[in-house]
Amino acid sequence: MIAPKSASFAIAFIMMVQIAQAFMVVPPNAAGVPPLIEQVRVVPSVVDLSSAPVVSSSNVFISQIMLAATDANNKAPAAKSTNVAPGSGVSITDIHYDGIVPKTEADEYVIISNGSNNAPVDVSGYYIYVATTGTQGPTFYFPKGSTIKPSSSVRIYTNEMHKETGGYSYGSGKALWNNKGGLAVLKDSNGKKLGEYKYKPAQ
């Protein structure tokens, strides 16, 4: 026969064991858990950024400069003109400075050419003058309605008229172009310089 104090102690011990079992954590696949059910643990993916390149504002700025330079190099260069008035296509191409006509050399002439292959040029008001002394000397003005056909040229004689070459003349009673060398200047009707032609005798 158990003494009353011993019986109370035994009952208290049994209750503590039952309480402990009630709070016990049962590990996966333990008794009471169906063997075919697996507990899946979802682990969020973590990206390791320790090896990723660091992009700074200075790197971005340098990249933009390099890209702009590459684009600029890939573009075709802009066309340049040797004329002061781009696109005119008109220039002095030769000067026959040593005429054979005695004293007056009336057969001297200047050649003015249209370098365009597909468009005539209206040269009304254009003028060409002798500039050998550094100032504007004898001057010829193209009359109104004067045109030069594409890839063609005209002559301006010192004192002769030749319709087959345009029929233009300075109308000067004396030679204009120095046989030792000189300079001619061509300007358009607005006074813009289209070009000049410097010549000298062959050595």
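**Ground rules**

I am working on a predicted model, where local features need pLDDT of at least 70, side-chain atom pairs count only at pLDDT 80 or more, and totals for chains, interfaces and linings use all residues. I number residues from 1 along each chain as its sequence is written, and side-chain values use heavy atoms, with hydrogens and water left out.

**Confidence**

I checked pLDDT next, the predictor's confidence in each residue, from 0 to 100. The chain averages 75, and 56% of the residues score at least 70. Residues 28-47 stay under 50, and I find 4 contacts beyond four places in sequence for them. Residues 75-87 are also below 50, with 12 contacts beyond near neighbours in sequence. A contact here means heavy atoms within 4.5 Å.

**Overall layout**

I count 2 helices and 10 strands in the chain. Helices (H or I, at least four residues) and strands (E, at least two) are DSSP runs, numbered from the N terminus. Reading from that end, I get α-α-β-β-β-β-β-β-β-β-β-β. Of the 203 residues in the chain, 27% are buried. Among contacts with a separation of 6 or more, 52% come from residues 24 or more positions apart.

**Sheet 1-2-7-8**

I found an open sheet of 4 strands in the order 1-2-7-8, with mixed pairing. Strand 1 and strand 8 are the edge strands, each pairing on one side only. Two strands pair if DSSP finds at least two bridges between them. Strand 1 and strand 2 are antiparallel over 6 bridges. I noted Ser-91 opposite Ser-113 in strand 2.

**Sheet 5-4-9-10**

Another open sheet has 4 strands in the order 5-4-9-10, and its pairing is antiparallel. Strand 5 (139-141) and strand 10 are at the edges with a single partner strand each, so one side of each has no neighbour in the sheet. Neighbouring strands of this sheet are turned by 15° against each other on average, direction ignored. That angle uses axes, which are lines fitted to C-alpha atoms (for helices over the stretch in contact), and angles run from 0 to 180 degrees between N-to-C directions.

I then followed strand 9. How many of its residues are buried? I get 5 of 6, so I logged strand 9 as mostly covered. Strand 4 (residues 127-130) runs antiparallel to strand 9, joined by 4 bridges. Tyr-127 has Lys-187 as its bridge partner in strand 9, and Ile-128 has Leu-186. Strand 9 also pairs with strand 10, antiparallel over 6 bridges. On that side I picked out Val-185, whose partner in strand 10 is Glu-196. Strand 9 and strand 10 form a hairpin with 5 residues between them, and Gly-191 in the turn has a positive phi of about 85°.

**Aromatic rings**

My search of the whole structure finds 10 aromatic pairs. Rings of Phe, Tyr and Trp (its six-membered ring) pair if their centres lie within 6.5 Å; planes under 30 degrees apart count as stacked, over 60 as edge-to-face and the rest as tilted. Tyr-97 and Tyr-199 are a stacked pair, at 4.9 Å centre to centre with 20° between the planes. Tyr-97 lies in the loop between strand 1 (90-96) and strand 2 (109-114) and Tyr-199 in strand 10 (residues 193-199), so this pair ties together parts 102 residues apart in sequence. I read relative accessible areas of 18% for Tyr-97 and 7% for Tyr-199, which makes Tyr-199 buried and Tyr-97 buried too.

Back to my opening two. The ring centres of Trp-177 and Tyr-199 are 6.4 Å apart with the planes at 75°, so the pair is edge-to-face. Trp-177 lies in the loop between strand 8 (168-169) and strand 9 (182-187) and Tyr-199 in strand 10, so parts 22 residues apart in sequence are tied together.

Which residues make up the one aromatic cluster? I list Tyr-97, Phe-140, Phe-142, Tyr-168, Tyr-170, Trp-177 and Tyr-199.

How values were computed
Buried < 20%, exposed > 50% of the residue type's maximum accessible area, 1.4 Å probe, protein only.
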